[in-house]
Amino acid sequence: MVWAVTFAVFGAFLFGTSAALQQHAARQSDYAPAHPGEADTPKHGVVVISLLRLIRKLFRQPLWLIGWCANLLGFGAQAVALHFGSVALVQPLLVTQLLFALPLSLSLRHRRPDWRDLVSAALICGGLALFLSVRGVAPRADQANRGWAILAGLITAVAVVLIIGAATGRRPAVHSFLIAIAAGLCFAYSALALSLTVEDLVSRGIAATATDWPGYALAVSTITGLLLEQGAFAAGSLPPAVAAMNITNPVASYLIGIFAFNVTLPDTATQLTALVIAAVLISAGAIGLAHSPSVRDDEDEQSGVRSGRSHGPPKPQTSH
């Protein structure tokens, strides 16, 4: 468990660093969420085409590429953590990436965290400490039921498609929030697929892993999640997007861990109470960081930039 926690927190640090760097680059890309009617494409296709164009721009920015490398290292640390611990244990620990992403994001804008940010951070840490300290709250047994794992993937895919449809045509803040939730679902399933892939590599070897489905499910869910993540970063402020992903990811991962693995569920009053309190503390901390004064300043700054652009001389209409 010690190794699982250590590598999970290290992965959270890398993911948080990646989020701050990539969001800083993405916000400079002049990305605007697509709306139905801008192209003769179904609304899901409009979103996908818009995000692919965004990625093409971001690959030309060195800061974004550094963030991408940090993200890849984070997946490596997560894989090691999942080798030592369960999905339902490791994924909630990744919520700590918000503790690393916000200070770095503020430092890139030459600002300091507000005291309310520190209180929210303390709530997250307290919730995680409670989650880890009460025996039986964090499931540790991890024997996968592959049939249920496939069904969990199908349910996740349907949910992501529906959320993308709901996000299309919304104002940027809502669009960013919904797309971030969809990304969180993708990353939650990626953790399940990553756990199965690591198990294949360790017990069966590379050749067997290459012919088994978890590796391909991992690639699809991860690439989809990363694509949606960039759209969320570009369309809105960093902490709300990261908070949405960091609440969705552990909650979905915990449910998937229970659904697709043969784990022992919390069943005593102490365990259930600790689980509820931990979930409330972590969620309150993440929401607090998402609504911190530094975030409002960032949103006001972005609104000012957009307003300044809109008061310029008329520009010829172009096809996007």
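This is a predicted model: local features need pLDDT of at least 70, side-chain atom pairs count only at pLDDT 80 or more; totals for chains, interfaces and linings use all residues.

Reader: How many charged residues does the contact of α5 with α6 have?

Author: From α5, the residues L98, L99, L102 and L106 meet D117, A121, I124 and C125 of α6. By class, 7 residues of this contact are nonpolar and no residue is polar. Asp counts as charged, and the number of charged residues is 1.

Reader: How are α3 and α8 oriented to each other?

Author: Helix α3 spans residues 62-84, and helix α8 spans residues 172-203. The axes of α3 and α8 come within 9 Å and cross at roughly 65 degrees. Angles of 65 to 115 degrees count as roughly perpendicular. The two helices α3 and α8 are therefore roughly perpendicular to each other.

Reader: Which residues of α8 meet α3?

Author: The crossing of α3 with α8 is right-handed. On the α3 side, the residues are F75, Q78, A79, L82 and H83. Those they meet in α8 are F187, A191, L194, S195, V198 and V202.

Reader: How many nonpolar residues does the contact of α3 with α8 have?

Author: This contact has no charged residues and 3 polar ones. The number of nonpolar residues is 8.

Reader: Why is the pair of F15 and F75 edge-to-face?

Author: The ring centres of F15 and F75 lie 5.3 Å apart, and their planes stand at 75 degrees. Planes over 60 degrees apart count as edge-to-face. The pair is therefore edge-to-face.

Reader: Which parts of the chain does the pair of F15 and F75 link, and are these residues buried or exposed?

Author: F15 lies in helix α1, residues 2-26, and F75 lies in helix α3. The pair links distant parts of the chain, 60 residues apart. Both F15 and F75 are buried.

Reader: Which residues do ring pairs link into a cluster?

Author: The count of aromatic pairs comes to 5. Ring pairs link into a cluster the residues W3, F7 and F84.

Reader: How many helices does the protein chain have?

Author: The protein chain has 320 residues, of which 51% count as buried. There are 0 strands, and the number of helices is 13.

Terms used:
Residues are numbered from 1 along each chain as its sequence is written. Side-chain values use heavy atoms; hydrogens and water are left out. Rings of Phe, Tyr and Trp (its six-membered ring) pair if their centres lie within 6.5 Å; planes under 30 degrees apart count as stacked, over 60 as edge-to-face and the rest as tilted. Helices (H or I, at least four residues) and strands (E, at least two) are DSSP runs, numbered from the N terminus. Buried means under 20% relative accessible area, exposed over 50%, partly exposed in between (1.4 Å probe, protein chains only). Axes are lines fitted to C-alpha atoms, for helices over the stretch in contact, and angles run from 0 to 180 degrees between N-to-C directions. Angles under 35 degrees count as roughly parallel, over 145 as roughly antiparallel, 65 to 115 as roughly perpendicular and the rest as oblique. A crossing is left-handed if the near helix is turned anticlockwise from the far one by less than a right angle, and right-handed if clockwise. Contact means heavy atoms within 4.5 Å.
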